[in-house]
Structures are given as C-alpha cells and as structure tokens.
Amino acid sequence: MTDWLISRFVKESENTVNRKVREAYGTLAGWVGIAANTLLCVLKFIIGMLTGSVAVQADAVNNLADIGSNLMTLLSARLAGKPADKEHPYGHARMEYIAALVIAFLILGVGFELGKESFGKILNPQRTEFTIGTMLALAVSILVKLWLGMFTAKIGKRIDSATMSAATADSLMDCISTGAILVSSMLAYFFGVDIDGYIGLAVAAFVVHSGIKLIKETVSPLMGEAPAPEFVKELADRISAYEGIIATHDILIHSYGPGNIIASAHAEVDARGNVLELHELVDRIELEVGREMGMLLTIHMDPVEMDNPDVQRAKAAVADVLEGLPVNVAFHDFRMVPGERRNNLIFDIVMPLGIRDEKEDELVSTIRRKVREFDPTYFCVIQVDHDFNGLTQP
C-alpha cells in the first residue's frame, strides 16, 4: 500500500534531491498520519470513556498530540521546500529539524501528562471494565500504528528526513504503549488483576525517555554535527580517483538540511602541470562529484613539488617524526623554502579534536625538535588544523 500511495501522490518519486519531490513526500506523510491518528483518537476516547481506563484515555490524548505532529510535518514540508531567499541564502531545509524538535517536545509533554494521570489512578484506584471488543479495538490500533511507523520509516529512508524519523519513533512508541494497555486489559478481564495505573506509569516513563532521546538527536544537526566519516572518506576517494589528483585534504562539510550540503576540499596537484588544464580538471571534479553526491562542492588546488629530492627527503623526515607521536597526526601542504643557513619546512598538521591547548603546544614543540635532530638546518613553520570530520583519533 505504501508504494501505491507514493506512486499515486508523489510525481518523480525517485528524484528525492528535488525540493518539490521532498515536499510532496512530506505532504503525503502528513495527511496519511492525520487520517490514521484521527481514527485512533476517536476510537480510544470512546473505549476509555466506556471502560473508565485512564491508560486508554491517555493513549487517546497521545494520538491527539500525534495529529498536531502530523500538522507540523505538513507545515515543515511546505516551509522546507521554499527556495533560498535574501534572508536565508542556503534555503529552508533545516525547518525539518525544527519540526522534529517540536514533535519531540510534544512526545515529552504527552509522557508527563500520562504519568500524572497514571499516578492519580494508583493513589485513587477505580475498577476498569474491559471487554473482548475493547481488546480487539486495541489490537487493531497497534496494527494501524505499526503500519504507519513502517510507512514513515520508508519515506524517511527515501528522503533522509529527520521529521520522518521522529514520526516513526513516535509510532513505534505508540505501539508499545498501546500494547502495554492491551496486556493490562487482558489481565483485568481474565484474572481480575487491575494494574491499569501501574501500566500507564511505566508507559509514561518510556515515552518521556524516548522524548528526551529524540530531542538530543534533533538538536545535534541543528548545532552542526560532524558528517559521517564514511561520507567524508567517500568524498576524498572520489576526488583522489581522478588522474592528476595526488591527494585530498582539508575537507569541510556543512549541512543546511537534508539535500542541501555545501562542501569544500583541497586537492594536491603536480606543480609542473599546466595551470589551465589543472583548473579545468578541478572544475570538472566539482561538477561531477558534486552532482553524484548531491552537494555544492568547491575545490582549492594545492600545487606540490614531486621531482625535488631535497623536498622529498625533508617530507619523509617529517612523516617519520609524526609516525612516532602518541596521537594520530596527519600533515599536508608541505613545501620547503631553502636559505643560506636554514631551510624552512612549511606545512599544516591535523590534530584530533579534544586535545588541550597545552598538549597541542607540546606536540608542536616535539615535532620541531625531532625534525631539527634529523637535520639541524630544518626549521618547521607549522599551522595547526583540527579534524572536524572525526577521521583521526586521539
């Protein structure tokens, strides 16, 4: 059914990088969620009133909050699909993260309200009247929510949407909470054991925990989390695979929301090459790799000397020194400026994040000292970079 809905309401569904296609996916998910949660909310309110179950009534309120979440999904799909403007030159795709954060707070609020009602039921117990029909209705509710979770999960996977991920988590939590209520109703009906309040309290704790987890996961991309190391490595490998590129470094990746990535990299080339030809090569890489990986890519060209034995000897000495350090330190942009009494070795080193400034200074001093021990004429001019992509480890 999911594939049928997608084929019916999303044109060019495979072109998930397209802003309008993503908007269509979000709109579809929003309306399907509204329909399903409205049905479940009405059903559970009726069951809760007839049986006197505080857990079922709280679950109905949960579905009511889910309707608000679905409306937020519709709104975020529309806002995230807006093109870039003067105030937001990088587009509005991060609106998806904000919507996911709102959904997470709604989940948290429902959890606290459910806990409050359940605690009151424990202090003032009232008999809960469950029937076979009630239990069948709860089972149907679980199946509907399970399908809705799989539906949003499939869409979320297709368009890499934080909002869809939050909606999926919400649906699965509903399955668990309704499942716990179903178990409680069966115990009450078949064995006369009424633990409605305790079940409601346990479900509330689970919902609150899940809401806090979702908030943490949603805030991270808003703050600018590091890209996946596999993604960074793929970008570096794709650039370095072109004939004429020696190595790639200084990769920076900024995500302005799903499908809106801006990246930059430095590519080393042979200093003996033709500048115009190398520039044309770099332009081609920017276009091809950027299109293949769905990003706006900018490459800075770094010429390096490949045929100077003195430069290669100095570079090998620096590599040996870095190999012996207690932390993984890489280096790049190496060049040598010879003089009458000393040779300046100019290069950048990449330090892992999390190393204290004092430790960095100590490592830099160690590098300078050991390189001079190799050759007293060497003097290191070092620029310290930091590994924002998590590819080195302290």
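Visitor: What makes the contact between the side chains of Arg238 and Glu234 a salt bridge?

Guide: This is a predicted model, and in it the two side chains come to 3.0 Å, N to O. The rule asks for a side-chain nitrogen of Lys or Arg within 4 Å of a carboxyl oxygen of Asp or Glu. A value of 3.0 Å meets that limit, so the pair Arg238 and Glu234 is called a salt bridge.

Visitor: Why are Arg238 and Glu234 about one helical turn apart?

Guide: Both belong to helix H8 (residues 229-240), and they are four residues apart there, which means a separation of about one helical turn.

Visitor: Why is Arg238 called partly exposed?

Guide: Its relative accessibility is 29%. Buried means under 20% and exposed means over 50%, so Arg238 falls in between. Glu234, with a relative accessible area of 34%, is partly exposed by that rule too.

Visitor: How do you know whether Arg272 is buried or exposed?

Guide: The relative accessible area of Arg272 is 55%. The cut-off for exposed is over 50%, so Arg272 is exposed. Arg272 also forms a salt bridge with Asp270, where the closest N and O atoms are 2.6 Å apart.

Visitor: What makes Glu358 and Arg356 count as a salt bridge?

Guide: Their side chains meet at 3.9 Å, N to O. The limit is within 4 Å, so this pair is counted. Both residues are exposed.

Visitor: How many salt bridges does the rule give?

Guide: The count comes to 12.

Visitor: Which strands form the open sheet, and in what order?

Guide: Three strands form it, in the order S4-S5-S6, with mixed pairing.

Visitor: What makes S4 and S6 edge strands?

Guide: Strand S4 (330-338) and strand S6 (378-386) each pair on one side only. From one strand to the next, the twist averages 15°.

Terms used
Residues are numbered from 1 along each chain as its sequence is written. This is a predicted model: local features need pLDDT of at least 70, side-chain atom pairs count only at pLDDT 80 or more; totals for chains, interfaces and linings use all residues. Side-chain values use heavy atoms; hydrogens and water are left out. Two strands pair if DSSP finds at least two bridges between them. Helices (H or I, at least four residues) and strands (E, at least two) are DSSP runs, numbered from the N terminus. Axes are lines fitted to C-alpha atoms, for helices over the stretch in contact, and angles run from 0 to 180 degrees between N-to-C directions. Buried means under 20% relative accessible area, exposed over 50%, partly exposed in between (1.4 Å probe, protein chains only).
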